[in-house]
Amino acid sequence: MRIIPINNLYPKMASACRKKEHAGNTEAPEVIKYATPPSYWVNTNIVCFGNQKTTEDNIEILRQTDLLAPEVFKRISVAINKIEKDGKTLQSAGGQFGKVYFSDDIAIKKPNICPFELILGKIILNALDNEAEVMSKLPAEFNGAPKMLAYLKKGNEYYLCSQYVHAPHQLKGNSEETKMFPSLFDHFFTLDESGILHNDLHSENVMHDGKSIFLFDFGNGTLIRPEAQCTEQLPYCNKRNSNAFECKCLEGMYSLHPEEIGGVLVEEEKNIEYFNDYLKAKSKYYTNRAELIKKTADLNIAEAQRAFDYERLCGKFLENPSEDILKLERYMLYLCYFIIKDGDIKEGIEQIIERLSHTADGDMKKYLEFKREMVDYMFAV
């Protein structure tokens, strides 16, 4: 892959997004300021107390957002004391690597760090450190995930505190969920725009309350850094958020399984309608990403122009997909996300592309060329 220095793409980006270095502060909290960043690199201001400890509860504030008002901190402190004394007095959920305790509208994640499992403990703690950093970079207006309050340490224990969001339902593939698809792609676009990759979008981390979808557990998240040197690391070239969702969630809720090996893909009518609604919602996501590329990238660069063309064309042709386009996208889903390299799937794709090519205009021809390239790549690797 061609390596493009970041400054050739966004000359002001590296300096605009670099955090100001700061020393420990024992008198007053220092707000870490950010210069005005590009539109897709939106950061929440963070208040950091350095290594200051509260005199009352001996809690060290490692990281906090502006949502941590004094009264909220006091409530968190009370909840932590309850966890230390007897966590059973608070409602909790969790598993092998830790628990989340709920105290009214606050959720407190506490990892299980066993002193006899040093390597595993370090891995778990690194994930919590990372989650705190990634969550602190979520835009203040983002409502698709719990809002972080603070990352705290008391003694040898660590606590990641956020607002409690009650979203008990997984996506199951019913028609009621389709109305939430637009908000799901709004969430993905906000993450793309902010340079955040979730990297762990499986069914237990994409939950809803019947009205809204929420994303949880950013422990495996990564930030597309301002100093990125490769086009693959830049927001306009990376769709890993939506790809991960489709790979890990869509198969289960769409029930995309052929009735026989090598046979024609047969889905129930409701599943076809479900997928159709999904593509319509995704078309806006593609269109928004095309606008993002247009605003932030140099379209004279071949990779940027190709990324722009792909997003624009997908937005155009998935808004009201024809029966052939719908079938083509189902086949591509099998091939690219579920990695099912069945010869009949390839043949089915080629037949659809051939059929559409007879009446294709310039945009449709270019769209079909992208699909051919993807098919050739998948069967070559």
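## Strand β6 and its partners

Two strands count as paired if DSSP finds at least two bridges between them. This model is predicted. In it, strand β5 (residues 98-103) pairs with β6 in the antiparallel sense, over 6 bridges. The two strands form a hairpin with 2 residues between them. There, D104 takes a positive phi near 55 degrees. S103 stands opposite I106 in β6.

β6 also pairs with strand β8 (residues 157-163). These strands run antiparallel and are joined by 4 bridges. K109 stands opposite L160 in β8.

## Burial of β6

How many of the 6 residues of strand β6 are buried? The count is 5, across residues 106-111. Buried here means under 20% relative accessible area. The strand is therefore largely enclosed by the rest of the structure. In a regular strand, side chains alternate between the two faces of the sheet.

## Nonpolar cores

The largest nonpolar core holds 67 residues. Which of them touch the most other members? They are V206, F245, I349 and Y367. Helix α9 (residues 323-336) gives the most to this core, with 9 residues.

A second, separate core has 18 residues. Among them are I83, Y101, I106 and L152.

## Around Y367

Y367 has contacts beyond its neighbours within four places in sequence. They are L313, C314, F317, L318, I325, L328 and E329.

Notes
Residues are numbered from 1 along each chain as its sequence is written. This is a predicted model: local features need pLDDT of at least 70, side-chain atom pairs count only at pLDDT 80 or more; totals for chains, interfaces and linings use all residues. Side-chain values use heavy atoms; hydrogens and water are left out. Buried means under 20% relative accessible area, exposed over 50%, partly exposed in between (1.4 Å probe, protein chains only). A nonpolar core is a set of buried Ala, Val, Leu, Ile, Met, Phe, Trp, Tyr and Cys residues joined through side-chain atoms within 4.5 Å. Contact means heavy atoms within 4.5 Å.
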